[in-house]
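This dialogue takes up the reading of a protein model, feature by feature.

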Amino acid sequence: MKIVVTDGYTLNPGDLSWDSIAACGELVVYDRTPPAEFMDRCTDAEIILTNKVAMNKEAIEQCKKLQLISVLATGYNVIDVKAASDRKIIVCNVPAYGTDSVAQHCFALLLELTNRVGQHAWSVAKGDWQQSPDWCYSVAPIMELAGKTVGIVGFGHIGQQVARVANAFGMQVIYHRLNDKPTTLGRYVDLPTLFASSDIITLHCPLTTGNHQFVNKDLLQRMKRSAYLVNTARGPLIHEQDLADALNNDQIAGAALDVLSTEPPQEGNPLLKAKNCIITPHNAWMSKEARARILHITRNNVVAFLEGQPVNRVN
């Protein structure tokens with residue numbers, strides 16, 4: 001059984017081991033696979049493990065031996081699942097591997113917005129404290145989170161963990177998701193109410209055809225001028241020009257983003273130079289612990305498939 005990893009570097013740059021998957025068959029690992037090289041590398045693969053390398057209908061149809069696609073992530077929008085199903089190819093993913101890591105990064109971004117730790121540390125490194133006439137100073141307003149309202153859009157594993165952390169900070173939690181289920185972690189509200197009522201809004205929903213760029217001018221106009229927006233989910237959930245305009249016009253206080261619509265970002269993305277906008281390079285998921293879980297769950301996906309009892313199927 002030939003197993004090809006199309007883009008393994010971000011998952012395992014060398015600090016983890018592929019051995020558990022190599023034990024399942026003939027394993028070939030590529031750090032990265034340009035589109036032009038996909039067919040040469042994958043035509044004879046029976047199992048493909050991919051993260052961000054897209055597999056459209058044409059690619060799937062040309063992989064004549066392919067039986068399993070296991071995505072090295074939770075999101076599987078890079079795969080034409082219908083085309084795979086038509087070929088009776090099983091598609092699996094890795095659910096719930098990064099709950100704690102993403103929730104932690106969400107609050108790292110939020111705390112940078114409210115406490116400006118990096119900005120103050122840089123100020124001290126430049127010598128500003130040595131020149132200060134006072135024993136303490138602040139280069140930006142500092143917000144206390146206790147008592148503030150956080151609005152969580154999407155209330156799956158990550159959204160719920162964010163709610164738990166927010167509760168520990170003494171925050172008031174409201175949330176919105178398509179299929180509401182009662183919970184003690186927060187109070188359900190509709191989307192317009194969430195955007196109007198929250199001091200912090202954080203996105204934790206999957207990207208679908210129905211929510212592409214749903215955070216647009218209309219919803220941003222409902223936000224408080226003192227409110228912050230955090231996105232550790234998917235970049236295309238936000239209309240980037242509308243958010244840049246809201247930031248540059250002081251319509252909202254700031255934003256912190258771990259994802260953008262195109263990654264790496266294209267030159268001219270309006271958020272790269274937007275006012276009060278913090279951007280990290282889609283690394284909320286990248287703790288060593290979370291990456292190790294991806295490898296472990298992927299190995300289980302492969303083993304279960306080989307045993308005729310596939311798990312974590314999405315088709």
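Q: In β9, which residue is the bridge partner of I152?

A: Strands of a sheet pair through backbone hydrogen bonds, either parallel or antiparallel. Here the bridge partner of I152 in β9 is T202. A few conventions apply: this is a predicted model, in which local features need pLDDT of at least 70 and side-chain atom pairs count only at pLDDT 80 or more, while totals for chains, interfaces and linings use all residues. Residues are numbered from 1 along each chain as its sequence is written, and side-chain values use heavy atoms, with hydrogens and water left out.

Q: How many bridges join β6 to β9, and how many join β9 to β10?

A: Two strands count as paired if DSSP finds at least two bridges between them; strands (E, at least two residues) and helices (H or I, at least four) are DSSP runs numbered from the N terminus. Strand β6 (residues 149–153) is joined to β9 by four bridges, and the two run parallel. Four bridges also link β9 to β10 (residues 228–231), again in the parallel sense. On that side, T202 has V230 as its bridge partner in β10.

Q: In what order do the strands of the seven-stranded sheet stand?

A: The order is β8-β7-β6-β9-β10-β11-β12, in an open sheet with parallel pairing. Its edge strands are β8 (187–188) and β12, each of which pairs on one side only.

Q: Are the residues on the two faces of β9 buried or exposed?

A: The reading rests on relative accessible area: buried means under 20%, exposed over 50%, and partly exposed in between, with a 1.4 Å probe and protein chains only. In β9, I200 and T202 lie on one side and I201 and L203 on the other, and all are buried.

Q: Which residues have the most contacts inside the largest nonpolar core?

A: A nonpolar core is a set of buried Ala, Val, Leu, Ile, Met, Phe, Trp, Tyr and Cys residues joined through side-chain atoms within 4.5 Å. The largest one has 30 residues, and V153, F195, L203, F214, L229, L243 and L271 have the most contacts inside it. Two or more residues come from each of α8 (191–197), β9 (200–203), α9 (217–220), α10 (240–248) and β11 (254–257). The most is given by α10, with four residues.

Q: Which residues does V153 touch?

A: Contact means heavy atoms within 4.5 Å. Leaving aside residues up to four places away in sequence, V153 touches H176, L191, L194, F195, I201, T202, L203, H204, C205 and F214.

Q: What is the order of strands in the five-stranded sheet, and which strands stand at its edges?

A: This open sheet has the order β2-β1-β3-β4-β5, with parallel pairing. Strands β2 and β5 (90–92) stand at the edges with a single partner strand each, so one side of each is left without a neighbour in the sheet. Neighbouring strands are turned by 15° against each other on average, direction ignored; axes are lines fitted to C-alpha atoms, for helices over the stretch in contact, and angles run from 0 to 180 degrees between N-to-C directions.

Q: Which strands does β1 pair with, and through how many bridges?

A: Four bridges join β1 to β2 (residues 26–29), with V5 opposite V29. Three bridges join β1 to β3 (residues 47–50), where V4 has I48 as its partner.

Q: Why does K2 count as buried?

A: K2 counts as buried because its relative accessibility is 16%. This residue lies in β1 and touches E26, V28, D44, A45, E46 and I47, not counting residues up to four places away in sequence.

Q: How do α5 and α7 cross?

A: The axes of α5 (residues 99–115) and α7 (residues 157–168) come within 9 Å and cross at roughly 50°. Angles under 35 degrees count as roughly parallel, over 145 as roughly antiparallel, 65 to 115 as roughly perpendicular and the rest as oblique; α5 and α7 are therefore oblique to each other.

Q: Where do α5 and α7 lie against the strands?

A: Helix α5 lies across β9, β10, β11 and β12, running at about 155° to β10. Helix α7 lies across β6, β7 (172–176) and β9, at about 170° to β6.
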